[in-house]
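Here is a brief report on one structure. It takes up the cavity, then the salt bridges.

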Amino acid sequence: GGAPPSPGLGRRIRDPVVSVAQWARTRSPREKGLLLGLLALAGFLGLWWIVADKAHIFVLAELAHIAGIGALVYKLHRQRSAAALSLRTQELTAVFLGVRLWCSFLMEYDIHTVLDFVTLCFTGWVIYTARVKLPKTYSREADSLGLHYVLAPCAALALFVHPATTHHIVNRVLWALCVYVEAVSVLPQLVLFKNLKVITDTFTSHYVFALGVSRFFSCCHWILQFVDKDPLFMNSLGRGLWPAAVLLAELLQTVILADFCYYYVVAMAKGHGTIRLPL
């Protein structure tokens with residue numbers, strides 16, 4: 001004689017985010033690539049439609065980078081551990097930021113110079129803390145990609161492909177160097193993650209995901225500037241192979257991070273934060 005059970009009582013309510021993540025995970029590699037491409041295209045079109053001054057998109061990229069490095073600062077300060085952190089990526093980041101700051105002071109001092117300085121300070125603190133204060137917690141064996149494998153090809157390419165502007169040749173080569181190093185600076189961190197296989201450190205994962213967001217904004221900035229053919233922007237690029245090289249570098253760093261960002265989103269959607277990368 002009791003009251004009838006309410007409809008749906010005891011029925012498990014599925015989290016739509018988790019459901020979408022699980023569905024996406026079961027897709028084939030080609031379908032996953034198509035989904036990522038569609039999401040990227042939607043974001044690209046959204047930025048094109050919403051942001052009037054496309055130069056502001058690069059500010060978003062720099063702010064995303066600062067947010068990511070902020071996650072590392074918090075991790076080192078609170079956890080007192082440099083586990084799962086690639087110091088080689090941080091050192092490459094310091095290289096391209098230092099070079100870009102030098103070029104900015106000489107060529108285009110603006111808000112980007114200030115943001116790069118802040119990011120470089122944070123990066124320097126991360127390197128100092130991990131190397132000097134927490135060296136025993138650093139995964140030295142897993143951080144196996146040598147800097148020379150990254151810097152040497154970038155330097156060689158910068159000598160041959162750089163802006164054809166009126167600035168001094170040294171500054172033009174340095175500007176090209178910072179673009180190329182930035183494009184591949186995250187490789188040591190991704191190699192370290194691959195060596196670990198399972199990533200349980202959420203703050204380092206947040207950092208790499210923030211880099212992915214930063215690179216996506218940066219790539220959109222360059223592409224939209226090309227599409228709009230802003231006179232000042234096109235003049236600053238010059239002619240020859242350099243404009244194509246910049247665009248390819250931006251696309252490369254976005255593609256490099258796309259795979260990790262996919263597994264990051266899946267892990268966060270499931271709520272455990274542990275990222276398992278494919279072998």
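The largest cavity has a volume of about 90 Å³. A cavity is a set of points, on a 1 Å grid over the protein atoms alone, where a 1.4 Å probe fits but cannot get out. The volume is the space filled by probe spheres set on the points.

This is a predicted model: local features need pLDDT of at least 70, side-chain atom pairs count only at pLDDT 80 or more, and totals for chains, interfaces and linings use all residues. Residues are numbered from 1 along each chain as its sequence is written, and side-chain values use heavy atoms, without hydrogens and water.

Thirteen residues line the largest cavity. Lining residues have an atom within 4 Å of a point. A61, E62, H65, R100 and S214 lie nearest the centre. Helix α3 gives the most to this lining, with four residues.

Salt bridges come next. The count comes to five. Each puts a side-chain nitrogen of Lys or Arg within 4 Å of a carboxyl oxygen of Asp or Glu.

| Pair | N to O distance |
|---|---|
| D201 and K75 | 2.7 Å |
| E91 and R131 | 2.7 Å |
| R215 and E182 | 3.8 Å |

R215 sits in helix α9 and E182 in helix α7 (residues 169-184), 33 residues apart. Both R215 and E182 are buried, meaning under 20% relative accessible area with a 1.4 Å probe, protein chains only. R100, D116, E182 and R215 are linked in a network of salt bridges. D201 is buried at 11% relative accessible area, and K75 is buried at 1%.

How values were computed:
On a 1 Å grid over the protein atoms alone, a cavity is a set of points where a 1.4 Å probe fits but cannot get out, and a pocket is an open set with protein on both sides within 12 Å along at least five of seven lines; lining residues have an atom within 4 Å of a point. Helices (H or I, at least four residues) and strands (E, at least two) are DSSP runs, numbered from the N terminus. Buried means under 20% relative accessible area, exposed over 50%, partly exposed in between (1.4 Å probe, protein chains only).
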